[in-house]
Amino acid sequence: MARAASLAHLVKDAGLAALVALGVGAPLLGLKTDAADRGLTLVPRPGLLLAAVAAVFAGRLLFGLFLANRRAAAARVADAPPRIGPSPYARIGRMVAPVLLALSVLLPVIPGVGRYEIDLGTLVLTYVMLGWGLNIVVGLAGLLDLGYVAFYAVGAYGYALMAKFFDLSFWAALPLTGLFAATWGIILGFPVLRLRGDYLAIVTLAFGEIIRVVLLNWTTLTGGPNGMSGIPRPTFFGLPFSMAGGEGTFAGFFGLEPSPLHRITFLYYLILALALVTNFVTIRLRRHPVGRAWEALREDEVASRALGLSVVAVKLTAFATGAMFGGFAGAFFATRQGFISPESFTFIESALILAIVVLGGMGSQLGVAVAATLMIGGFEVFRGLDEYRMLVFGLAMVAIMVWRPRGLVSSREPSVSLGARRSVGGEHVAEGKG
Amino acid sequence: MRFGGLVAVDRLSFEAARGEITAIIGPNGAGKTTVFNCLTGFYRPTGGSITVTHAGGARFRLERLPQHRIARDARIARTFQNIRLFGGMTVLENLMVAQHNRLMREGARLPLALLGFGPYMRREAQAIDRARFWLDRTGLAARADDAAASLPYGAQRRLEIARAMCTEPQLLCLDEPAAGLNPRESEELNALLRFIRDHGADGHGCSILLIEHDMSVVMAISDHIVVLDYGRKIADGAPAAIREDPKVIAAYLGVEEEEALAVDAALHRQ
């Protein structure tokens, strides 16, 4: 009885939507102007209009049915006794990380994978690493940072300048770029110690822009808008990659045919290693008092202070650690591209990295990795759609956020447990106001 | 303590003796929580001084210490009137955060700790043992791996006390610990507080400073009561004496003006 009534209601609702579609569509779709010999003529298109109205009717009806079904299912779940033990989803979820890891390690040797795929993999991994770095600041410590790209820029320019003026190799410069970026993280951290939420976001946004504008205008040092070129490529522990082959090169040393693929594959494994180091350090730090203090700060700053946590130290370590990984990624970016300019470090990059963290589920390492793959990989997949790419992409993001409002992986893994480890539901975890 | 033109706590002076439960009572707005906030560094008093003397003889001037040192060095822990737990973290993690400063003494060996070796691991095992001890005392052992926010209200109150005790305090400040508890829970709380007073975190006992509106709790467990009204101390003494004090009764019951004058006159005659 109730079912029939609700069906009638749904049909009425869909009819209403179709009526609106008819009203809007009649002038827009139903009539077409044609430039004929004697001025414009109106060509009616009743078929198209009818199809559009029918599509709206059917879509609305199906959507209504879907919602009604879901409500009924939810009611059934509420009545059912709570399920004990891990859900099948959780079991599948545990498999995702090892499978992704194996896939990324084996990617260059998978048959059919060429230069384009490895290059794309490198790009994705760069963003995975940046996402993991920002995840420390935003996801763990709950500090909304909109200027993360500044540390990426510091790393990239740090390496380029060190190579240019001090002739440092990539391997010698890498730790220093991390140190530089961490220092800048602390420099940013000090003035924003007392700021929270929106105010913090605005200042970090400004910080990111300041770094970019300085790079743009300090022409004598950074080359300004022309950027810096001729950045040395990385070597395989001292062996350069060269197409000429010969004694002292990678190909010559291992007796291989010189190939451009060597360097690309090496760069891929380099960023994979850097990203895995980021992941490892983050996972270990979460189980360390420093990491627990970050999460405590996100959950409740007042309680943290009452327990003797120095908020200054906690915030600065979070900024510095996050910035350090951004710096490493920047140095990698510089050596991969061989050319950098301020254009690579605009606000949209910060926004993209933040979107990866939010979409992945703040604080979740796996979620961030999946989100980076979806966002950067998806961006490439939709390349064929030309001008509709951004539209499709935006819709996909909206859909994900509607489906999973707290990100792909919203639950939180406890850092220590007495019994079996159980994840904490996303509804309990704070998003941080700092 | 002065906020602009308002004097929230005025020339208040009292002592909380070691190994005793001292209750601060008074009507709403009397300045009780402000006293706590001054003690624990959330406010910096505009005048006066607050001194803590440890059992070992070490003295700390609280109004001069940065806030994180009040908990770390002066060893004062507190709970909040509106419970403040790390809701998304598990019960055990809440207790581990409380031991942050002790765990960080191995800070210089951080790389080793990150790899999972070194003396840090032993320290962490000790911290887990300490957490387990307080979980047992507060009856939360079965919920150790649940999110703190998912606990029922009474358990959250007990967890907040357990968390404060994990900092190994010399003085524990409790802001309305019995608020919202049912009579049975309230009785358990009294037993817990007596245990803390006598044994403390390290077996040597711990002084307790308590803000409470539930007079049955206050009268049952306090060794000493301080009564505030409008930021001033109006009485100070043993529970039996406070119960009889006409000024306290007047402040609590809100007597008519003539009656108050009569009480005043009676007091002056004495």
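Domain bounds here come from an automatic or database domain assignment. For chain A that assignment gives domain 1 (7–33 + 44–65) and domain 2 (97–420). Select the two in turn: their C-alpha centres lie 46 Å apart.

The model is predicted, so local features need pLDDT of at least 70 and side-chain atom pairs count only at pLDDT 80 or more, while totals for chains, interfaces and linings use all residues. Residues are numbered from 1 along each chain as its sequence is written, and chains are lettered from A and ligands numbered from 1 in the order in which they are written.

**Chain A as a whole**

Select chain A and show the cartoon. Chain A has 16 helices and four strands; helices (H or I, at least four residues) and strands (E, at least two) are DSSP runs, numbered from the N terminus. The C-alpha atoms of chain A fill a box of roughly 80 × 75 × 45 Å along the principal axes. Of its 434 residues, 40% count as buried. A residue is buried if 20 or more other C-beta atoms lie within 10 Å of its own, exposed if 12 or fewer, and partly exposed in between, with C-beta atoms placed from the backbone.

Among the contacts in chain A with a separation of 6 or more, 72% join residues 24 or more positions apart.

**Helix 5 of chain A**

Next, select residues 149–165 of chain A, which form helix 5. The expected span of a helix is 1.5 Å times one less than its number of residues. For the 17 residues of helix 5 of chain A that gives 24 Å, and the end C-alpha atoms are 24 Å apart, which agrees. Step past its end to Asp167(A), whose phi is positive, near 60°.

**The nonpolar cores**

A nonpolar core is a set of buried Ala, Val, Leu, Ile, Met, Phe, Trp, Tyr and Cys residues joined through C-beta atoms within 7 Å. The largest has 165 residues, and those that touch the most other members are Val128(A), Met129(A), Tyr152(A), Ala153(A), Ala156(A), Ala372(A) and Leu172(B). Helix 13 (residues 311–337) of chain A gives the most to this core, with 13 residues. A second, separate core of five residues includes Ala14(A), Ala21(A), Ala52(A) and Val53(A).

Centre the view on Val128(A). Apart from neighbours within four places in sequence, Val128(A) is in contact with Ala275(A), Val368(A), Ala369(A) and Ala372(A).

For contrast, go to Val402(A), in helix 16 (residues 389–403) of chain A. Val402(A) is exposed, because 8 other C-beta atoms lie within 10 Å.

**Where chain A touches chain B**

Show both chains. The contact takes 32 residues from chain A and 32 residues from chain B. On the chain A side, the elements giving two or more residues are helix 10 (260–286), helix 11 (289–299) and helix 12 (301–306). Helix 11 of chain A supplies the largest share, six residues. The chain A side divides into 16 nonpolar, eight polar and eight charged residues. In this count Ala, Val, Leu, Ile, Met, Phe, Trp, Tyr, Cys and Pro are nonpolar, Asp, Glu, Lys and Arg are charged, and the others, Gly among them, are polar.

**Helix 6 of chain B**

Select residues 119–138 of chain B, which form helix 6. Which of its residues are buried? They are Tyr120(B), Glu124(B), Ala127(B), Arg130(B), Ala131(B), Trp134(B), Leu135(B) and Thr138(B). They cover an arc of only 140° around the axis, which puts them on the same side of helix 6 of chain B; the arc is that of the directions from the helix axis to the C-beta atoms. The face turned away from this side carries the exposed residues Pro119(B), Arg122(B), Ala125(B), Asp129(B) and Asp136(B).

Just after helix 6 of chain B, Gly139(B) takes a positive phi of about 70°.

**The domains of chain B**

Last, colour chain B by domain: domain 1 (2–237) and domain 2 (239–270). Their centres, taken over C-alpha atoms, are separated by 33 Å. The contact takes nine residues from each of domain 1 and domain 2 of chain B. On the domain 1 side, strand 9 (224–229) and strand 10 (232–237) of chain B are the elements that give two or more residues.

Terms used. Two residues are in contact if their C-beta atoms, placed from the backbone, lie within 7 Å.
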